[in-house]
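Student: I have a model open and want to learn how to read it. Can we go through it feature by feature?

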Amino acid sequence: MAPGRAPGSGGCQVPEFSILMPAYNYGRFVGQAIDSVLAQTHADFELIVVESGSDDNTWDVVSAYDDPRLIAVRTERMPLPHTLAVALERANGTWVTNLNADDRFLPEALAAVSARLRSHPAIGVLGVHLRTIDADGDLLADQVTAEWVNTTRDLNDPEAWIWTNHLVGCAFIRRSSLLDVGGYGDLDTILDWDLWIRALAAGEHFDVLPEVLFEWRRHGANLTGSRPLATVEQYGQIARRTLLPFLRRSGRDDLVARTLAGFITNDVLAHADPQVRRMILDEVVYDCPREELDQAMHLVAEEVLRLREYYTETAVAMRQGQQQLAGLTSELDERTREVTALADRLHACEADRRQAQAQLEAIQSRAVYRAARKAAHVLRRRPG
């Protein structure tokens, strides 16, 4: 934050960044998250922490900080979108980002982001690369999430957003744009995907800074992926409200078909309560024009044929493999029999050797053998 501006005072000096941090029952992590922000090498920011009805020591940790750049707010328990809305009301920065209370910035994060935004003024939403840490803050050997995010793709192409979200963890959006598209919305399970689809439909330009500036913590209690049916249901709401209308305006009938086909073949819906499944399909799929359904069903049919061909090829390969395995097994059995026979012969030879050794020792113990050895020795010593 610029010098001389009191937190939340609405003074004339506007910070470049407003960092929103919702915090609920993350007392063991929130201090690290706050420290990672206050340790930034780029100081033009404000941090707004909203603690919403925790029953652990989260508020004690947050309220212990005495830093003019930190605005601490305590509320009753409320859904995540409402918590972020409370934080957004107090935000004054040009750019806004949401840092979860269990995650961390690297010290140079804001400096790198600021440089990127200043050199590319057309950017409306900026993501960064990340790495994954565990509950203790150590790097995980399994970096699957990082590999998913840290890839090169054009997020301005709607195809990059069909049934997927590669802009996870931490991203920056202009506060004016965020307000224009309706803030953080009303969906909690895939709140970020909802926001990015609305920003995409509004014409915001997306960019990704290919630098690891953010640490995403995986500790077993993360919200991401914890409610698969709710995720599909909310995906349906986003598709109906924003995504499908945007794709139609953009002339992307192919992506409309892919979106609808994704609902028709969705594994989670297939195992859901029939009434829930029917409700979601009624709202998203069955209400679409006939030609869109025909195209979606054509994709489904193509996928079924592809899977049949795949399974046929796999079955043939499995039969060939089984035949090869049977041949190898037969050959192994034959080699085993040969080895067994050789082992039997070796044991027999060893028994013969022991018997001959016993006979030799018996001969060597006799007096006549010793006399013969002595006579031979005497004869060898005689001259001529």
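Tutor: Start with the names. Helices and strands are DSSP runs, numbered from the N terminus. Keep in mind that this is a predicted model. Now use the numbering: tryptophan 163 is found in the loop between α5 (144-149) and β7.

Student: What is the phi of tryptophan 163 near?

Tutor: Phi of tryptophan 163 is near 55°. That is a positive value in a residue other than glycine.

Student: Is tryptophan 163 buried or exposed, or partly exposed?

Tutor: Buried means under 20% relative accessible area, and exposed means over 50%. Tryptophan 163 has 28% relative accessibility, so it counts as partly exposed.

Student: Where is asparagine 25, and what is its phi near?

Tutor: Asparagine 25 sits in the loop between β1 and α1 (30-38). Its phi is near 55°, again a positive value in a non-glycine residue. With a relative accessible area of 24%, asparagine 25 is partly exposed.

Student: Now the sheet. How do strands hold on to each other?

Tutor: Strands of a sheet pair through backbone hydrogen bonds, either parallel or antiparallel. Here, 8 strands form an open sheet with mixed pairing. The order is β3-β2-β1-β4-β7-β6-β8-β5. At the edges are β3 (70-75) and β5 (104-105), each pairing on one side only.

Student: In which sense do β2 and β3 pair?

Tutor: Parallel. Strand β2 (residues 45-52) pairs with β3 in that sense over 6 bridges. For one of the positions, look at valine 49: its bridge partner in β3 is alanine 72.

Student: Which strands does helix α4 touch?

Tutor: Helix α4 (residues 109-119) packs on the sheet and touches β1 (17-23), β2, β4 (95-98), β5, β6 (125-133), β7 (171-174) and β8 (206-217). Its direction makes about 170° with that of β8. Helix α7 (residues 191-201) packs on the sheet as well, touching β6, β7 and β8. The α7 direction makes about 45° with that of β7.

Student: At what angle do helices α8 and α9 pack?

Tutor: Helix α8 (residues 228-249) and helix α9 (residues 253-264) pack at about 165°, with axes 10 Å apart. Angles over 145 degrees count as roughly antiparallel, so α8 and α9 are roughly antiparallel to each other. The crossing of α8 past α9 is left-handed.

Student: Which residues make the contact?

Tutor: From α8, they include Val232, Tyr235, Ala239 and Leu243. From α9, they include Leu255, Val256 and Phe263. By class, the contact has 10 nonpolar, 2 polar and 1 charged residues.

How values were computed. Residues are numbered from 1 along each chain as its sequence is written. This is a predicted model: local features need pLDDT of at least 70, side-chain atom pairs count only at pLDDT 80 or more; totals for chains, interfaces and linings use all residues. Side-chain values use heavy atoms; hydrogens and water are left out. Two strands pair if DSSP finds at least two bridges between them. Helices (H or I, at least four residues) and strands (E, at least two) are DSSP runs, numbered from the N terminus. Contact means heavy atoms within 4.5 Å. Axes are lines fitted to C-alpha atoms, for helices over the stretch in contact, and angles run from 0 to 180 degrees between N-to-C directions. Buried means under 20% relative accessible area, exposed over 50%, partly exposed in between (1.4 Å probe, protein chains only). Angles under 35 degrees count as roughly parallel, over 145 as roughly antiparallel, 65 to 115 as roughly perpendicular and the rest as oblique. A crossing is left-handed if the near helix is turned anticlockwise from the far one by less than a right angle, and right-handed if clockwise. Ala, Val, Leu, Ile, Met, Phe, Trp, Tyr, Cys and Pro count as nonpolar, Asp, Glu, Lys and Arg as charged, and the others, Gly among them, as polar.
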